[in-house]
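Hi everyone, thanks for making time. Let me put it on the screen.

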4 protein chains.
Amino acid sequence: MTHEKSPRHEIAHLGHVELFTPEPERSLDFFVRVLGLTENGSQGDSVFLRTWDDYEHHSLKLTAATTSGVGRTGLRASSEEALKRRVAAVEERGLGIGWVDGDPGLGPTYLFRDPDGHEIEIYWETERYQPPEELRPALKNQAQAYPGRGVSVRRLDHVNYLAKDAATNGGFICDALGGRVTEQIQLDTGVISGQWTNFAQKSYDLVYTNDWTGSTGRLHHIAFATDTREDILRAADISLDNGVFIETGPHKHAIQQTFFLYVYEPGGNRIELCNPTARLIFAPDWEPVTWTEAERAKGQAWGLKTIQSFHTHGTPPVPAQSE
Amino acid sequence: MTHEKSPRHEIAHLGHVELFTPEPERSLDFFVRVLGLTENGSQGDSVFLRTWDDYEHHSLKLTAATTSGVGRTGLRASSEEALKRRVAAVEERGLGIGWVDGDPGLGPTYLFRDPDGHEIEIYWETERYQPPEELRPALKNQAQAYPGRGVSVRRLDHVNYLAKDAATNGGFICDALGGRVTEQIQLDTGVISGQWTNFAQKSYDLVYTNDWTGSTGRLHHIAFATDTREDILRAADISLDNGVFIETGPHKHAIQQTFFLYVYEPGGNRIELCNPTARLIFAPDWEPVTWTEAERAKGQAWGLKTIQSFHTHGTPPVPAQSE
Amino acid sequence: MTHEKSPRHEIAHLGHVELFTPEPERSLDFFVRVLGLTENGSQGDSVFLRTWDDYEHHSLKLTAATTSGVGRTGLRASSEEALKRRVAAVEERGLGIGWVDGDPGLGPTYLFRDPDGHEIEIYWETERYQPPEELRPALKNQAQAYPGRGVSVRRLDHVNYLAKDAATNGGFICDALGGRVTEQIQLDTGVISGQWTNFAQKSYDLVYTNDWTGSTGRLHHIAFATDTREDILRAADISLDNGVFIETGPHKHAIQQTFFLYVYEPGGNRIELCNPTARLIFAPDWEPVTWTEAERAKGQAWGLKTIQSFHTHGTPPVPAQSE
Amino acid sequence: MTHEKSPRHEIAHLGHVELFTPEPERSLDFFVRVLGLTENGSQGDSVFLRTWDDYEHHSLKLTAATTSGVGRTGLRASSEEALKRRVAAVEERGLGIGWVDGDPGLGPTYLFRDPDGHEIEIYWETERYQPPEELRPALKNQAQAYPGRGVSVRRLDHVNYLAKDAATNGGFICDALGGRVTEQIQLDTGVISGQWTNFAQKSYDLVYTNDWTGSTGRLHHIAFATDTREDILRAADISLDNGVFIETGPHKHAIQQTFFLYVYEPGGNRIELCNPTARLIFAPDWEPVTWTEAERAKGQAWGLKTIQSFHTHGTPPVPAQSE
């Protein structure tokens, strides 16, 4: 059965993501003190956190749990009609869960799963963030005062899922939600092992990488963007002096040309700090850039070899099955 | 008579702009050697120039003329259907000129005027740039090798027109072309004296500022984006050592928070070199930020006073009528 | 009577400075939270503060007082013998006060005045800073962990005094202490109105500017250096959002080519945040660069006009006498 | 026999270095077009090149030869007397060669060898560079206009020799020339395998690393400093697009905390592009920082492992003897 392909621009942007941590206090300290996010309420086992450039209630929901991993990812629809259309498209594909009470700041929220089982929620209504007096910015076109604390990340930038089959999931993001593949990796066997998809001019928003364990629903990393590459270099200093594990970087990705640093937060989840410089994708008929194994073997943009743990560390941890 | 308002995302992006110069050789030297653009052919009195991140044939058409000013601005439609719909919308408003033979690299091109008389062309078909061997980039997701010459600007970023009435023209961009006002200035009299409009996530693409002379069809500036703020600081050094007139900056705009440097190219046109850091507009229901005279009196973001020549220098030069 | 001119390298570096503030709590908050200094003890009305790259006990002594201004400036001698020789040279010039009990962390300290009356202390013995566990750096060649708080300035960079006669005082620094004039301003009248002196490769350490009020012993500003120019740009954001008054900048000085931002701390003292990029003075026979009035009229390096308050604001405030 | 230890500050700074290349045309293109040096005359098989911040005649002498490697290193004395004293100290140690006709721009030059056999020349008289009209800088406190070509390195920063015994040679620099060891590596066997020495506040100028082949007189790398870390990141892009081999980086050294990129010039010599941020060594009684094998095993500052070729690639190439 074939379904109608979604038009572009039905999803406006990535809104927020939920992260599970078995070390809630240390993880909270990491996000607040080291990355510079701001707490904005809590509910049950979850704390809501926001970056200074987020116009909504929160960018991150940090939830205490028995293990690490990714919870729900929130995507904001471009309009109420777009929301309805996307719900229909998801239901048509048999992946819907149903309407749920939204988290604080969110209106009616529709919950579903991608083919790999990651929970995604879409919504239209959202509460615009009103900073308290002490967080009021000097410039009215900014959501919140600049924190000046640790890395002071600007925004939640993207989510990179692990999935049994990257192409099926990337295809779902494109067909059901109007995403587009901007870059991908194709193995010599023909298998697509990674797909980068975006919703508008930002060069990627949701990414799928094949899970070497054959598990489903896992996370490779979530990423926060900084204003400058210098912020990334400084983030490395801050990580070092705060005992945060640096996995690799800073360096420049060949794929998407993002300047990056990868660290593990205390709960075990991999966090990317990234800066795109001024890169955007403008062509409405952009053709996916496909990287071969031979090209990937050259390493990152300036030659850094892709670190081995990139292919062995995901959250939650599971026994390796296919290695 | 009211016309149907355009949906969003009909125009994908600003493609290129034409600049007139009475000093063609010196202007060409400025764009090639000081800004780091690359020549890509010529035709009649025009030279085509491109930035290294432009995927199309050219970003700038530099045309020898008796005076300075702006020629045609090229906007790429999001699809062939979007192009047809926008042509209809423009014609409905009585501003159309007609289909013209496109410049090198462009397919069928429709020419019209904004209400103030600036020529704008829209097109769908475009030739993807194929760099010659010596300009081939090492990374296949990049249009052209990094020039490493002068400022080495990344892309044409925006055009800022002078107009008799900014609001009428900004309104036209929104209603006929699907733009959106992201920020604006409202004088105490209620008059909108400047409007910043965008087509997608980039925070602005076309800007209108009221022309103090009451003239029409003039230019305030065109802008090229760099990858980093450091590139802007270095651009100031390069301008200084090359005898390029620096009008103001580097500093950070309060409006749109862009980091900027303004110089005059040898033909007299004002050129902005700008960097947005990682700023993008994500909210699909973004409300225009309106700045008052009192707020503008505070100057730019960090306090630099807006320079007087910002209100007196436009191209082509005309006798001041209302000062 | 002529005295023997001091050889070079008798003074190793600027060690610390004392600042008076009528707003001790707000000033302390500024230095700790906005600039990112670390408290390291207190004594009487004074709090000792240090930058993360300072190897000694403190970089700044902040003293509650009835008004603003500068207290003692501490210079570390290059050896015990150099200290003795400099004491003799100062006494020979009749400017000595005598040996005093050093502040915490300092051994025997000799106090004197420059010709304009500013108190200066020189010492050889000093206590190397031992950070407590929570401030221990990851890299052993660094004095203290990077704070990641506010501007996080690296070091106290220089002191710029106001003086009745800049040349007399700059001459004293050279003749009695082994300093060297690296740059200066000479008015059309022949008067030297400002002199920049250094002790080694850093391009300046102590600066004298003529006081327009004819007063003595006053301060133009003290300066803290950051690692990068991006740190200065971010410092402007942080100042803005924290209500810190920005006087001028960020921009690049023509003199010494320093990238700068000037703010006022809550006690009224002017603070410069500065970055030299990689500039150092290597020539052992460096000839002072002398700037004329005409050259200074061009403004700072990229054209920013020198702000008027640069010639009217000093601390402590005094009634203008000569304006 | 023991000799008198040199006082500090007898050598003012590293002046220039000679590099041998079997690929003179390609090496020249690399230094001029990729690194942005400026030609300043030639003599025989040598071309003289200068960085824009060098006040002397040249920073680099590039000499066509049958193989790669380092020729003479030039050090400028602090005075004519210092020069005489250093000549005496060198002769006393039996390492002198004699007075030679200086290269263009240099006065009387004394040639000798370090214990490992590298040729070093010291001189006092030097010709201050006078730029031709087209290279005249806008700011009079700068030696030459900023080139805006490729990396546009600021200065020759340091020379890192390979030597049979680093400690003997570092000791010679200290004892005979007044250098100081700022950092070093000590193997578990007690052997000093690398020594960083400086002459003033810059944290290192001449470095010795043990040669794994047991050869003498070889080169590990020479380094050029840029103004910013962003310049280093851009240098990596420029290297990539120009087919320049990137060996490792960009990253931050743990030792000396320098931000670095290592490339090979076409002649095979390793070139470091480096930026120190604002780091300087101020303490006149600085104690060498000694790194252990265990500490070095952690890699560079942010965790990058030291690349294997750092221990196998030196110039000129020789058969490995001890591997």
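Let me start with a single side chain: Glu230(B) is buried, since its relative accessible area is 7%, and the cut-off for buried is under 20%. Before I go further, please keep in mind that this is a predicted model.

So what does Glu230(B) meet in a salt bridge? Its partner is Arg229(C), with 2.8 Å from N to O. This pair crosses between chains: Arg229(C) sits in helix 4 (residues 229-241) of chain C, and Glu230(B) sits in helix 4 (residues 229-241) of chain B. Arg229(C) counts as buried too, because its relative accessibility is 3%. In other words, both Glu230(B) and Arg229(C) are buried.

Now stay with chain C, where there are two further pairs I'd like to show you. In one of them, Arg86(C) and Glu10(C) form a salt bridge at 2.9 Å, N to O. This one links distant parts of the chain, with the partners 76 residues apart: Arg86(C) is in helix 2 (residues 80-92) of chain C, while Glu10(C) is in the segment before strand 1 (11-21) of chain C. Are these two buried or exposed? Arg86(C) is buried, at a relative accessible area of 5%, and Glu10(C) counts as buried at 5% relative accessibility.

In the other pair, Asp211(C) meets Arg218(C) in a salt bridge, again with 2.9 Å from N to O. Asp211(C) is buried with a relative accessible area of 7%, and Arg218(C) counts as buried at 3% relative accessibility. Some salt bridges share partners, and these join Asp53(A), Arg154(A), Asp227(A), Asp231(A), Lys252(B), Arg234(C) and Asp237(C) into one network. Over all chains, the structure holds 105 salt bridges.

One more residue in chain C, if you'll let me. Where is Lys202(C)? You'll find Lys202(C) in the loop between strand 11 (192-198) and strand 12 (206-210) of chain C. Lys202(C) counts as buried, because its relative accessibility is 5%. Setting aside neighbours within four places in sequence, Lys202(C) is in contact with Arg155(C), Asp157(C) and Leu280(C), and also with Gln201(D), Leu280(D) and Phe282(D).

That brings us to the interfaces, and I'll take chain A with chain B to begin. The contact takes 42 residues from chain A and 42 residues from chain B. Between chain A and chain B, about 3,700 Å² is buried, and carbon and sulfur atoms give 55% of that area. Which three residues supply more than any other three of what chain A buries against chain B? They are Lys140(A), Asn141(A) and Phe282(A), with 18%.

How many salt bridges does the rule find across the interface of chain A and chain B? The number is 6. A salt bridge also joins Asp285(B) to Arg128(A), at 3.4 Å, N to O. For polar contacts between chain A and chain B, the count is 30 residue pairs. On the side of chain A that touches chain B, strand 1 (11-21), strand 5 (69-77) and strand 17 (289-292) of chain A each supply at least two residues. Strand 17 of chain A gives the largest share, 3 residues. By class, that side of chain A has 17 nonpolar, 12 polar and 13 charged residues.

Next comes chain A with chain D. Here the contact takes 16 residues from chain A and 16 residues from chain D. The buried area is about 1,400 Å², with carbon and sulfur atoms giving 52%. Arg229(A), Leu233(A) and Trp302(A) supply 43% of the area that chain A buries against chain D, more than any other three residues.

The rule finds 4 salt bridges across the interface of chain A and chain D. Asp237(D) forms a salt bridge with Lys252(A), and their closest N and O atoms are 2.7 Å apart. Helix 4 (229-241) and strand 14 (245-252) of chain A each supply at least two residues of the side that touches chain D, and helix 4 of chain A gives the most, with 7 residues.

The same surface serves both copies, as 100% of the contact residues of chain A recur in chain D.

Notes
Residues numbered from 1 in each chain as written. Chains lettered and ligands numbered in written order. Predicted model: local features only at pLDDT ≥ 70, side-chain atom pairs only at ≥ 80, totals over all residues. Heavy atoms only, no water. Contact = heavy atoms within 4.5 Å. Buried area = accessible area lost by both parts, 1.4 Å probe. Salt bridge = Lys/Arg side-chain N within 4 Å of Asp/Glu carboxyl O. Helix = DSSP H or I, 4+ residues; strand = E, 2+ residues; numbered from the N terminus. Buried < 20%, exposed > 50% of the residue type's maximum accessible area, 1.4 Å probe, protein only. Polar contact = N/O pair within 3.5 Å; in protein donor to acceptor, adjacent residues only side chain to side chain. Nonpolar A, V, L, I, M, F, W, Y, C, P; charged D, E, K, R; others polar.
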